[in-house]
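Student: I have a new structure open here, could you walk me through it?
Tutor: Gladly, let us look together.

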Amino acid sequence: MGIAGGTLPYDPVASSWAAGRFDVFARGADNTLQHMWFDGTWHPWESLGGAITADPAVVAWAAGRLDVIVRAADSSLVHKAYDGTWHDWEALGGALTSSPVVTSWGPGRLDVFARGADNALWHKAFDGAAWHDWESLGGLLTSDPAATSWGPGRLDVFARGDGNVLLYKYYDGRWHEWMSLGGILTTSPSAVSWGINHIDVFARTENNVLLRKWYEGSWHEWETVP
């Protein structure tokens, strides 16, 4: 990777912990985790080591805090945290067949999702004190999952399913059954929330068209994004 823009063979991801702060991560050509950041000026790429085999995922649950999760060479999950200094890699087990995703509903909370060897959705959570064991949430996934949270105690997870439809599962104190939200997806979905009761989901469909589906108390119909 170069010092300024970099030459990225894989997709980058980004997170922000406050206004004016921007952190970018990517898998490097040597399969290490690469990091650069902006705090008024761009800093050069740095290697954070590791031996990763999928795109990383990152979340910030407070100013000065970053949590990065990636799939390791043995298909397990590994985690690296920053709280003013970078900590050593932490092994979290599992048998992942997709890139993992991570979201946070508040300080000290992390929820990680990935597709397992059985093509089901698997989940692992950190409650501020300890990591919980992996649990299967079922389903038949044909893509990487996507996840977001619009408030404490709320999780919304998406993936492409059989027939290329969008599958959806949510948690509000308990996990609800999978449901289909339709569509014809040709990529993994992505999801984001900017407030309570609002979710935006995006995916590519046939002919490279970008689709959007959104929730604001109820699900709206799919629309194409010009």
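**Domain, sheet and salt bridges**

Tutor: An unreviewed UniProt entry places the feature "domain: PLL-like beta propeller" at residues 11-224; UniProt positions follow the numbering used here, feature names are shortened, and annotations may be inferred rather than shown by experiment. This is a predicted model, in which local features need pLDDT of at least 70, side-chain atom pairs count only at pLDDT 80 or more, and totals for chains, interfaces and linings use all residues. Residues are numbered from 1 along each chain as its sequence is written, and side-chain values use heavy atoms, with hydrogens and water left out.

Student: Which strand order does the open sheet of 4 strands have?
Tutor: The order is β9-β10-β11-β12, with antiparallel pairing, where strands are DSSP runs (E, at least two residues) numbered from the N terminus, and two strands pair if DSSP finds at least two bridges between them.

Student: And which are the edge strands?
Tutor: Those are β9 (101-103) and β12 (135-136), each pairing on one side only. Between β9 and β10 (residues 110-115) there are 3 bridges, and Val-102 has Val-112 in β10 as its bridge partner.

Student: Switching topic, how many salt bridges does the structure hold?
Tutor: There are 6, a salt bridge being a side-chain nitrogen of Lys or Arg within 4 Å of a carboxyl oxygen of Asp or Glu. One of them joins Asp-156 to Arg-154, with the closest N and O atoms 2.9 Å apart.

Student: Why does Asp-156 count as buried?
Tutor: Asp-156 counts as buried because its relative accessibility is 0%, and buried means under 20% relative accessible area (1.4 Å probe, protein chains only).

Key. Buried < 20%, exposed > 50% of the residue type's maximum accessible area, 1.4 Å probe, protein only.
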